[in-house]
2 protein chains.
Amino acid sequence: MRQRFATPCVNWMVIRMPEVPAPFATSVSEWMRSGGPSDDVVVSTRVRLARNLVEYPFTPVASPEAGKEVRDAVAQATCEIGRVSSEGYAVYFLDEMDAVDQWILVEKHLASPHLLDQRACAAVVLDDAETVSIMVNEEDHLRIQCLFPGFDMDAAWERADSVDDHLSRVLDYAFDGRYGYLTACPSNLGTGLRGSVMLHLPGLVLSGQMEQIMSGLHKVGAVVRGVYGEGSAAEGNLFQVSNRVSLGVTEADILYNLSAVATELINRERSAREALFNADQYALEDRVYRSYGILANARKMSSEEALGLLSMVRLGSDLGILTPKVRATFAELMVRMRRASLQRILEETLDAEHRDIRRASMIRERIQQAS
Amino acid sequence: MRQRFATPCVNWMVIRMPEVPAPFATSVSEWMRSGGPSDDVVVSTRVRLARNLVEYPFTPVASPEAGKEVRDAVAQATCEIGRVSSEGYAVYFLDEMDAVDQWILVEKHLASPHLLDQRACAAVVLDDAETVSIMVNEEDHLRIQCLFPGFDMDAAWERADSVDDHLSRVLDYAFDGRYGYLTACPSNLGTGLRGSVMLHLPGLVLSGQMEQIMSGLHKVGAVVRGVYGEGSAAEGNLFQVSNRVSLGVTEADILYNLSAVATELINRERSAREALFNADQYALEDRVYRSYGILANARKMSSEEALGLLSMVRLGSDLGILTPKVRATFAELMVRMRRASLQRILEETLDAEHRDIRRASMIRERIQQAS
C-alpha cells in the first residue's frame with residue numbers, strides 16, 4: 001500500500017503493507033503545530049502549483065492506462081527529488097489504500113475530496129513533515145502543494161518553487177510561450193498558481209462583518225471558502241482566502257495581492273476582537289469559558305459543535321483569557337476529531353453515536369492536558 | 001432592627017442595629033445543609049400551623065394598632081419559649097429591616113412573599129438553626145413553620161407541635177369545638193396544618209411524566225407548586241407538594257396521606273432516573289457533565305439558568321456520576337444565588353448584569369471547591 005522513496009534510492013519500489021495504517025494516518029503535520037507569523041489569526045498558508053505532463057492527455061480525458069503512466073512517472077520523479085535534495089518522500093497510491101486512510105488525507109488537507117474520485121490512478125506524494133503534498137491525477141497531472149503554519153507566503157512559495165524546479169528537470173511539463181503552464185481547467189492557466197490562507201475570524205463573525213467583507217473580497221479578485229474547500233460551510237469561523245485568477249499576472253503579483261488581502265483581514269480581525277473585548281469583556285470571557293467548560297466535560301459531541309467551541313477557546317487563548325497551550329491543540333484537534341482520523345486513532349469502526357462519544361473523550365483529554 | 005430573645009430573658013427588648021445585616025442574611029439554615037432521609041429526591045420537609053389570637057380580628061381586617069399588639073404579644077410569648085426550653089429565638093420586625101433582608105427571608109423559605117406586603121406590623125421569629133420560623137401577621141396572626149432537610153415529616157411535625165404547645169400556654173388561640181382552629185381563610189380551618197415536601201424531580205421531568213402526575217396528585221387532594229410558592233414556575237425541577245384540605249381530618253391523617261404521596265413520588269422519581277440511565281447512559285452523563293462544566297466556568301449567569309444546571313449536577317451526584325460533595329452545595333447555592341442573598345453577601349447594590357457576573361463567580365468557586 002505504501003511506496004516509500006527516500007535517499008538514497010535509485011529505482012522506486014512498492015512495499016505493500018495492507019495491514020498497517022499509513023504513517024500519515026496518525027502523525028501531526030507541520031502545519032497543524034501552532035506557531036508561524038500572525039498565528040493569532042492565521043492557521044496556515046498554502047501555495048499550490050498545477051502542472052501537466054506534455055505527452056499525456058489531461059487527467060479528466062485520459063485513459064486508465066495513460067493515468068497510470070502519469071502516476072508512475074511522477075512517482076519516479078519524486079524519487080529523483082529525494083535523491084538530489086536529501087528529503088524523504090513517500091508515494092501513496094490511492095487504489096492500494098483503504099477508505100479511512102484516503103479520507104484522512106482530505107481531513108489533513110493533504111488531498112482534495114476530488115482526488116478520491118480518481119482513485120484508480122491517483123496518488124499522493126508526501127514529505128516527512130507533510131509540508132509538501134503532491135496530488136497526482138487530481139484535475140491536473142500534478143498539484144504541488146506546500147502548507148505552512150501561520151501566515152508564511154514566502155516559505156510556502158519558496159518550497160513549492162523548489163519542488164517544482166526539481167520535478168521540471170525530470171518531467172516534461174506542458175508549457176506554452178504565450179499562455180504559460182497549460183492546465184485542464186482554464187481558470188488555472190498561466191502560472192498554475194493558487195495561494196491560499198486559512199484564517200480564523202471569530203471576531204469578524206461575532207461582530208457580523210463577514211458577509212460584507214466577503215462581497216468586498218470578491219471585488220478584489222479573492223475567493224473565500226469554508227475550510228474543507230469549495231461549498232463547505234465556514235465551520236469554526238475558519239475561512240480560506242485565495243486568488244481567483246492565475247493568468248496574465250506574475251507569481252509575485254499573485255502572492256503580493258493575496259498577502260495584502262490577508263494582511264487587511266488580519267488587521268480587521270484584530271480590531272474586531274479588541275472592539276468585542278472592550279464592548280463587553282464579561283460577555284466575551286463568559287463565552288470563552290463556557291466553551292472551555294463544555295469541551296473539558298462533555299461526554300458526547302458532534303464535530304460541528306466541537307469546531308465551534310474550539311474556535312471560541314482558541315479566541316480566548318489569543319486574547320490571553322486562556323493559556324496559550326490551549327491554542328496549540330486547535331489545528332491538531334480540528335483534524336483528529338474528524339470521522340476518518342478518529343476511526344484510525346481508535347482502530348475501530350464506529351457508528352455516529354460512538355464517534356460522538358469517543359470524540360468528546362479525546363477532546364476532553366487533550367484540553368485538560370493543555371490547561 | 002433586631003430583637004433578640006435568648007435564655008435567660010424575662011422581658012423582651014429591642015436592639016436596633018440598622019448598620020449591621022441580620023444574622024440570617026448570611027447564615028446557612030439547617031434545611032439547606034444536605035442529609036436527612038431520602039435526600040436523593042427530597043430537599044426539605046415543612047410543617048406549618050396556622051393560629052390566631054382570640055381577642056384580635058384576623059390580620060386582613062385588623063387595624064394597624066391591633067396588628068402591632070398581636071406582634072408584641074407573639075414577641076413576648078416567644079421570649080417565654082426561650083426561657084422554658086433553653087432554645088434561642090430572635091424576633092425580627094419587618095418595618096425595621098431593609099428590603100434586602102426582608103427578601104432574604106423569602107429566599108430562604110423562612111417567610112412568604114405575602115408577609116412582605118404586611119410589613120407595617122409583620123414579624124418573623126427564628127430559632128438559631130432556622131428550623132423554626134414563625135411568621136407574625138401574614139394571613140393569620142401566627143404561622144408556625146418547621147423546616148427540616150430531607151424527607152422528615154415526623155421531625156417537622158414534632159417540632160411544630162412542641163412550639164405550638166409552648167405558645168398555647170401563653171397565647172389565647174381562637175379555637176372552636178366544632179371547627180377546630182379558626183383561620184382567616186376557610187381553607188386552613190380545622191387543624192390549621194399544612195405539610196409540604198420539596199422534591200427534586202428531574203427524572204420525572206426529563207422523561208415527560210410530570211404533567212400526568214400533577215393531575216393525578218390533584219385528584220388525591222395534594223397540591224403541587226413551584227418552589228417559591230403558588231404560581232411560581234418549577235425552576236430547577238423542584239416541586240412543592242402539600243395537602244389541600246386541613247378540615248375534617250386529623251393531623252395524623254393529613255401527614256400520613258401526604259407522606260404516602262411523597263413516598264410514591266420518590267419511588268417514581270427513582271425509577272425514572274434508573275430508566276433514563278439505562279436507556280442512554282452517555283446522554284445523561286453528557287448532560288450532567290456539560291452542566292457541571294458550564295457552572296464551573298461561566299462568567300455570567302441568570303438564576304434561572306443556574307438552577308437548571310444545578311439540578312442536573314445534583315442529579316449527577318445522586319446517580320454517582322459526580323462526587324456527593326457537589327450535591328451538598330445544591331440547597332445552599334439555590335438560596336445564595338438569589339438576588340437579595342447575593343446582594344447581602346457582596347454588600348453591594350448590583351444591577352442585573354453585575355448580579356449575573358457575581359452569581360457566576362460565587363457558583364464557580366463553590367462548585368470547584370466541592371469537586
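Tutor: A:E130 sits in the loop between β4 (123-127) and β5 (132-136) of chain A, where strands (E, at least two residues) and helices (H or I, at least four) are DSSP runs numbered from the N terminus. This is a predicted model, in which local features need pLDDT of at least 70 and side-chain atom pairs count only at pLDDT 80 or more, while totals for chains, interfaces and linings use all residues. Residues are numbered from 1 along each chain as its sequence is written, chains are lettered from A and ligands numbered from 1 in the order in which they are written, and side-chain values use heavy atoms, without hydrogens and water.

Student: Why is A:E130 called buried?

Tutor: Buried means under 20% relative accessible area, exposed means over 50%, and partly exposed is in between (1.4 Å probe, protein chains only). A:E130 has 6% relative accessibility, so A:E130 counts as buried. Its phi is near 60°, a positive value in a residue other than glycine.

Student: What makes A:S29 and A:E130 a polar contact?

Tutor: A polar contact is a pair of N or O atoms within 3.5 Å; within protein, one must be able to donate a hydrogen and the other to accept it, and residues adjacent in sequence count only if both atoms are side-chain atoms. The side chains of A:S29 and A:E130 are joined at 2.5 Å, so the pair meets the distance limit of 3.5 Å.

Student: Is A:S29 buried or exposed?

Tutor: Buried, because its relative accessibility is 0%. A:S29 lies in the loop between β1 (2-5) and β2 (42-51) of chain A. Contact means heavy atoms within 4.5 Å, and leaving aside neighbours within four places in sequence, A:S29 is in contact with A:K108, A:L110, A:A129 and A:E130.

Student: What makes A:H109 buried?

Tutor: A:H109 has a relative accessible area of 7%, so A:H109 is buried. You will find A:H109 in the loop between α2 (99-107) and α3 (113-117) of chain A, with a positive phi near 65°.

Student: How do you know that A:K300 forms a salt bridge with B:D280?

Tutor: A salt bridge is a side-chain nitrogen of Lys or Arg within 4 Å of a carboxyl oxygen of Asp or Glu. The closest N and O atoms of A:K300 and B:D280 are 3.5 Å apart, so this pair qualifies. Across the interface of chain B and chain A the rule finds four salt bridges.

Student: How many residues does each chain bring to the contact?

Tutor: Chain B gives 18 residues and chain A gives 18 residues. About 1600 Å² is buried between the chains, with carbon and sulfur atoms giving 57%; buried area is the accessible area (1.4 Å probe) that two parts lose on being put together, summed over both.

Student: Why is B:A298 called buried?

Tutor: Its relative accessible area is 1%, so B:A298 is buried. B:A298 lies in the loop between α8 and α9 (303-318) of chain B. Leaving aside neighbours within four places in sequence, B:A298 is in contact with A:D286, A:R290, B:A360 and B:R364. B:A298 and B:R364 are 66 residues apart in sequence, yet 7.4 Å apart in space, C-alpha to C-alpha.

Student: What makes the span of α4 in chain B close to the expected one?

Tutor: The expected span is 1.5 Å times one less than the number of residues. Helix α4 (residues 153-170) of chain B has 18 residues and reaches 26 Å from its first C-alpha to its last, close to the expected 26 Å. Among the buried residues of α4(B) are B:W157 and B:L167.
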